[in-house]
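Colleague: I should like to learn how to read the features of a structural model. Please give the general idea and then the case at hand.

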Amino acid sequence: TFAYRIVRDKYLDLGFTKMPQVIDDVRNRVIITQMLEENIVAGLDYLNFSVNSKNCKGALICAETTFNIMKAEGYTESNEREITKELDNKCMLRFMTGNAVTQIISLYSDYQERLLEDNLLTFADQEPYMNKILAMYPGYLDRYNYEHVIVDEFQDMTERQIHTLLRLNYNDEEHGVIHLFGDFEQTINPTFIQLESIETLYMINGVSDYKKQVLSSTYRYSAAICKELEALRNKGKELFGTEDQGSYLPLKSNKDSAFETNGNLVLNLSIGRKMLKQISAAKNIENIMYIVADETSKKELIDEYKCKEDKVFTVSEAKGRENDFVVVYKLCTSKANEYERIFSDDFSYSRAGRIFYNQLYVGITRCRTNFLQIEDDTKLGPNTINALKKLIAPLLDTDVDLFLDEMISDKVNYYFRALESFKNLDFDGTTDNLTFYSGEDYYSLSDVVRKINQYNND
């Protein structure tokens, strides 16, 4: 990363004796485990030490999460109140009883010292260390002064990151251009910054000539997906206010027509599981991904339904990815209490609520053409069920077979592969001479397009 480049340049000033090595989660957890064994923290679950599930967070995940919060925000022992609030936002606090939070915080300096002595740092350490160097050398970033800086997914950036970003190509003598691309309805980072805060930071740093541009058309989503997103956005404005959702225009799809179903939501888990078995067993589906809330649901899809491991993602892992078909599995069911709280009549704004709601939006926006969301209505609360039915068109039991026929049929997959093969060509008379091969047959691309247009019109 850019931060690590700076750390490598000035690592001796940070107290390292040789070039530090960035370690992975496995090695980091070994170090935390050793500390928790040497320093027993009352109020943590040692019996389920490494468990990380919806209803059980072991001692290891509690300590790791606390340390990561402190790294990301630059917190010390004096910030216990802020750390506790962040843990609550992450729904971790109920697994840390008594004075467990205080005890874990007190171990942080020793934890960082162990990493330093072994010339190790975690991924989360890179940015704080970079900021230390920038504080030591105020003019350090002037050497870069990039003409153009492009940032994707900027809605998940923190204030500290924005400050650093602005210093990469802006000083008293000259400045370049920063291009920020993001969608505030895809924010799932608990430390996210709002659009208005970014504008304030621009002015604080002397940047006044910025422009906002809003996406109004898309080549990724089908018209059906755009319709679902509009419903989610309107509900988001109702829950969180327009100023917190950022500015946007209703999306217009410029995507070529494709098979679209009359419903995408299945609340009967028994039916949903039967559909999953057929979808995961279909050998001709390559353009698909599955999105879940947590590692437990991911394991269920891989072990029980034999979904390919490289096709199953948690919401955070799915960001930046896209596919023609997306199956969202038990996203709300896995966090049933949180979603019931969001959709209740007496809901009051909270960052945690906003993040959970945005996960619905992220799930659907991974899809280019069609998606299926499977939930369990026996686990969901009534407010959640009613809200989901309004936001996502329910799939009638009588339409299940039709949905599966369209989703896993060869015709649909021929269509998508054909478009991918000839995406730079116009669909006019000349394409009659172009053929697309699949299986044992050759297909005229224009013929495929005509048939699907006719299908949709019918």
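Colleague: In which helix is Gln 161 found?

Modeller: Gln 161 is found in helix α7, residues 159-166; helices (H or I, at least four residues) and strands (E, at least two) are DSSP runs, numbered from the N terminus. The model is a predicted one, in which local features need pLDDT of at least 70, side-chain atom pairs count only at pLDDT 80 or more, and totals for chains, interfaces and linings use all residues. Residues are numbered from 1 along each chain as its sequence is written, and side-chain values use heavy atoms, with hydrogens and water left out.

Colleague: Is Gln 161 buried or exposed, or partly exposed?

Modeller: Buried means under 20% relative accessible area, exposed over 50%, and partly exposed in between (1.4 Å probe, protein chains only). With a relative accessible area of 24%, Gln 161 is partly exposed.

Colleague: With which residues is Gln 161 in contact, leaving aside its neighbours within four places in sequence?

Modeller: Contact means heavy atoms within 4.5 Å. On that basis Gln 161 is in contact with Glu 127 and Asp 156, its neighbours within four places in sequence being left aside. Glu 127 is 34 residues from Gln 161 along the chain, and their C-alpha atoms are separated by 8.3 Å.

Colleague: How is the packing of helices α3 and α5 described?

Modeller: Two packed helices are described by the angle between their axes and the distance between the axes. Axes are lines fitted to C-alpha atoms, for helices over the stretch in contact, and angles run from 0 to 180 degrees between N-to-C directions. Helix α3 (residues 59-73) and helix α5 (residues 100-117) pack at about 75°, with their axes 10 Å apart. Angles under 35 degrees count as roughly parallel, over 145 as roughly antiparallel, 65 to 115 as roughly perpendicular and the rest as oblique; α3 and α5 are therefore roughly perpendicular to each other.

Colleague: Which residues of α3 and α5 meet?

Modeller: From α3, Cys 62, Ala 63, Thr 66, Phe 67, Met 70 and Lys 71 meet Ile 104, Ile 105, Leu 107, Tyr 108, Tyr 111, Gln 112 and Leu 115 of α5.

Colleague: Where is Thr 122 placed?

Modeller: Thr 122 is in the loop between β4 (120-121) and α6 (126-136), and it is buried, with a relative accessible area of 6%. Beyond its neighbours within four places in sequence, the contacts of Thr 122 include Lys 71, Tyr 111 and Leu 115.

Colleague: How many disulfides does a search of the whole structure find?

Modeller: A disulfide is a pair of cysteine sulfur atoms within 2.5 Å. The search finds zero disulfides. The cysteine sulfur closest to that of Cys 56 is in Cys 62, 8.7 Å away, which is too far for a bond. Cys 56 is buried at 16% relative accessible area, and Cys 62 counts as buried at 0%.

Colleague: What is the phi of Asn 119?

Modeller: Most residues other than glycine have a negative phi. Asn 119, in the loop between α5 and β4, has a positive phi near 55°. Lys 330 also has a positive phi, of about 50°, and lies in the loop between β12 (323-329) and α14 (336-342).

Colleague: Where is confidence lowest and where is it highest?

Modeller: pLDDT is the predictor's confidence in each residue, from 0 to 100. Confidence is lowest in strand β14 (residues 435-438), at a mean of 44, and highest in α5, at 95. Over residues 422-443 pLDDT stays under 50. Where pLDDT is low, the predicted coordinates should not be read in detail.
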